[in-house]
2 protein chains.
Amino acid sequence: MPPKDFISALEVAQRAGVSRSAVSRTFTPGASVSAETRKKVTDAAEALGYHVNELARGLMRSHSGIVCLIVSDVATPYRSALLRELTGKLQNAGKVAMLINTDRSDGSVDRALSQAIRYRADASIILSGLPDASIVRLCLRNGQRLVLINRDDDEPGPLKINLDDFEAGERIVTAFARAGCKSLAFANSDAGTPSLMGRERGFVAAATRCGLEVSVERYGWTGYEAGRVLAQRFLTRSRRPDAVFCATDLLACGFMDAARHQFGISVPDQMCIAGFDDIEQASWLSYGLTTFAQPVAEIAAKTVGWLSVDDNGNDNGLQSVRLTAELVWRTSIRAA
Amino acid sequence: MPPKDFISALEVAQRAGVSRSAVSRTFTPGASVSAETRKKVTDAAEALGYHVNELARGLMRSHSGIVCLIVSDVATPYRSALLRELTGKLQNAGKVAMLINTDRSDGSVDRALSQAIRYRADASIILSGLPDASIVRLCLRNGQRLVLINRDDDEPGPLKINLDDFEAGERIVTAFARAGCKSLAFANSDAGTPSLMGRERGFVAAATRCGLEVSVERYGWTGYEAGRVLAQRFLTRSRRPDAVFCATDLLACGFMDAARHQFGISVPDQMCIAGFDDIEQASWLSYGLTTFAQPVAEIAAKTVGWLSVDDNGNDNGLQSVRLTAELVWRTSIRAA
DNA sequence: GCAAGCTTTGCACACGCTTGCAAACAAGCG
DNA sequence: CGCTTGTTTGCAAGCGTGTGCAAAGCTTGC
């Protein structure tokens with residue numbers, strides 16, 4: 001197989017009998033080409049299998065069409081759902097998604113952003129971790145847009161999208177109270193991210209305000225296994241809680257499974273459970289988890305919309321978006 | 001904020017007091033630079049916040065470092081797990097992943113490949129759908145490598161990675177037989193992909209060979225909901241199967257949930273269930289699903305390994321890899 | 001028929017980088 | 001010291017594209 005390089009605009013031009021600028025303009029929306037030459041060009045391009053070289057194009061224009069998605073734990077239900085929405089909407093907006101995995105190590109996000117710069121990405125969307133302020137400034141200085149999702153940074157410049165975590169924590173307390181629960185518990189990961197802590201603080205605040213007993217445990221990462229461990233901790237106590245709010249649906253699934261299958265507890269009769277995210281599994285028959293829904297579609301829409309506003313124009317003052325997580329009722333909290 | 005363009009190698013060169021070539025060579029592994037000038041260059045680069053422009057670099061070199069992942073239904077547990085492995089290993093190999101979502105519409109994969117060409121990707125990995133032969137040839141002709149995962153095409157050129165689906169179907173029959181099951185069922189999606197059909201054919205073949213009763217239903221897409229519908233179909237029959245092999249873990253979860261919660265069937269006492277993929281949920285306490293494990297790590301390793309063999313050298317004859325899916329035993333099939 | 005206005009087209013430069021080539025330089029050897 | 005060999009370094013020619021500028025072509029109105 002001869003690794004003959006790609007067809008260039010020059011070859012198309014020669015075959016079509018026009019100048020190279022003509023073929024360039026043919027593939028540039030809004031450029032001035034007569035219908036006749038356009039036809040000649042597209043025909044030749046078709047015949048030769050010509051495809052514009054976006055790398056070269058990105059070299060000339062200041063934008064590449066690339067948007068970096070910086071994320072850890074891609075395989076997690078909530079993360080992958082958000083990924084689906086983002087990539088889909090980005091494609092519809094004519095952008096292309098570059099996926100960068102981070103781990104939880106230090107500097108991981110910084111390395112990702114550095115890659116975004118090397119590929120001259122138009123924007124970076126950060127779903128996990130928090131980058132160093134200096135590299136954030138570097139990105140912004142070069143016209144790269146930044147979106148922080150659920151990251152709660154207050155540096156000006158990036159668009160910040162956050163949920164009403166604190167209020168959700170409060171709201172679920174009243175739901176538990178209405179179900180007649182007296183002894184509340186919050187099962188958290190010890191990752192300590194602002195979203196998780198916001199939910200916790202709202203929950204504890206509302207519980208004490210209502211005069212309800214409340215206790216908190218934190219363990220591991222926000223996954224199923226951690227939920228089981230947390231159940232172990234809460235359910236081997238002398239006095240068990242009768243309502244537990246898990247910081248994450250995955251935690252909730254693990255917690256519920258342990259409660260039912262290892263401790264023989266009946267949910268929601270003996271214990272009410274709620275989660276956060278509304279991952280697909282929350283709706284499965286085995287769980288029927290009452291939970292707060294992350295508005296992933298809306299998050300993605302807001303993000304991509306902000307990226308698509310006119311470049312040359314005003315920086316439209318939007319700096320921060322706050323969305324509310326709706327509580328979707330299923331069967332893990334008993335009726336009042 | 002002044003959209004002052006990115007720092008170029010020229011500016012670094014001027015500040016360092018060397019030629020532009022020197023800074024280029026400093027960032028090109030294996031190029032000839034003295035330790036002294038390298039130091040001057042890296043210092044200047046650091047001070048100025050210089051980052052190599054990979055777009056321009058990809059214009060010169062014949063490879064861009066970009067690898068396209070073409071996939072539909074990213075948010076699915078198996079798909080996202082594979083995605084995690086692939087992106088991780090690609091990054092370790094110094095490549096960068098470009099994610100392209102496809103839907104199930106016609107030409108969707110072709111459009112994705114066309115984008116891969118426009119960005120001069122070094123390779124494309126296709127996890128969903130099957131591209132048109134003509135565009136495959138176009139990719140290959142231009143030195144773009146292609147990997148088809150579980151797609152079962154026989155065009156020469158791409159690397160094809162497949163599982164022993166047929167054999168898995170056979171193996172699970174003997175497991176069912178050993179558990180004393182008499183009436184077998186296969187719950188499939190009607191997507192009709194080669195992997196799914198392979199599992200079905202292997203299952204049916206082995207069952208009839210063993211003289212066991214066997215019936216097949218196909219419905220919808222390979223998700224949880226389809227599993228519930230399939231359960232409905234099988235379990236409202238006059239004669240219920242006592243063992244069902246689901247083409248996919250998601251189908252199995254839906255099936256099992258419906259069987260237990262809607263039909264009050266006890267698994268595995270009254271009915272044995274097996275799945276395929278070994279998604280995370282299969283190991284959750286509520287399911288304990290006995291299933292075949294997709295060797296995602298191995299698939300990713302084989303893929304990235306193949307992409308990393310020396311370009312200039314031989315095309316190393318490898319064209320097709322066949323991996324085996326190990327059966328992982330849990331509790332959804334009763335012991336013999 | 002001519003001037004004015006608009007559209008189309010080609011030229012040529014720029015984008016930021018890599019790399020072959022040859023000059024410059026350093027070192028080893030008789 | 002001269003010759004040879006090996007290492008650095010700068011020059012300049014690209015890579016494939018977009019786009020300003022001016023020339024050319026076409027249309028319109030008088």
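Predicted model: local features only at pLDDT ≥ 70, side-chain atom pairs only at ≥ 80, totals over all residues.
For Thr37(A), the corresponding distance from a side-chain N or O atom to a phosphate oxygen of DNA strand C is 3.2 Å. Helix H2 (20-26) and helix H4 (54-60) of chain A, with helix H2 (20-26) and helix H4 (54-60) of chain B, are the elements that give two or more residues to the surface near DNA strand C. Helices here are DSSP runs of H or I with at least four residues, strands are runs of E with at least two, and both are numbered from the N terminus.

A word on conventions. Residues are numbered from 1 along each chain as its sequence is written, and chains are lettered from A and ligands numbered from 1 in the order in which they are written. Local features need pLDDT of at least 70, side-chain atom pairs count only at pLDDT 80 or more, totals for chains, interfaces and linings use all residues, and side-chain values use heavy atoms, with hydrogens and water left out.

How many residues surround DNA strand C? There are 24, the closest being Thr37(A), Ala9(B), Ser24(B), Tyr50(B) and Arg57(B); a residue is near the strand if one of its heavy atoms lies within 4 Å of it. They divide into 9 nonpolar, 10 polar and 5 charged. Of the DNA atoms within 4 Å of the protein, 57% belong to sugar or phosphate, and the rest to bases.

Next, the symmetry. Chain A can be laid on chain B with an RMSD of 0.1 Å by a turn of 180° and a shift of 0.0 Å along the axis, by least squares on the C-alpha atoms of residues with pLDDT of at least 70 in both. That is the relation of a two-fold axis. Within chain A, Met98(A) comes closest to the rotation axis, at 2.2 Å (C-alpha).

Finally, chain B holds an open sheet of 6 strands in the order S7-S6-S8-S9-S10-S12, with mixed pairing; strands pair if DSSP finds at least two bridges between them. Strand S7 (213-218) and strand S12 (326-328) of chain B stand at the edges with a single partner strand each, so one side of each is left without a neighbour in the sheet. Strand S8 (residues 243-246) and strand S9 (residues 272-277) of chain B pair in the parallel sense over 3 bridges, and Val244(B) stands opposite Ile273(B) in S9(B).

Methods
Polar contact = N/O pair within 3.5 Å; in protein donor to acceptor, adjacent residues only side chain to side chain. Nonpolar A, V, L, I, M, F, W, Y, C, P; charged D, E, K, R; others polar.
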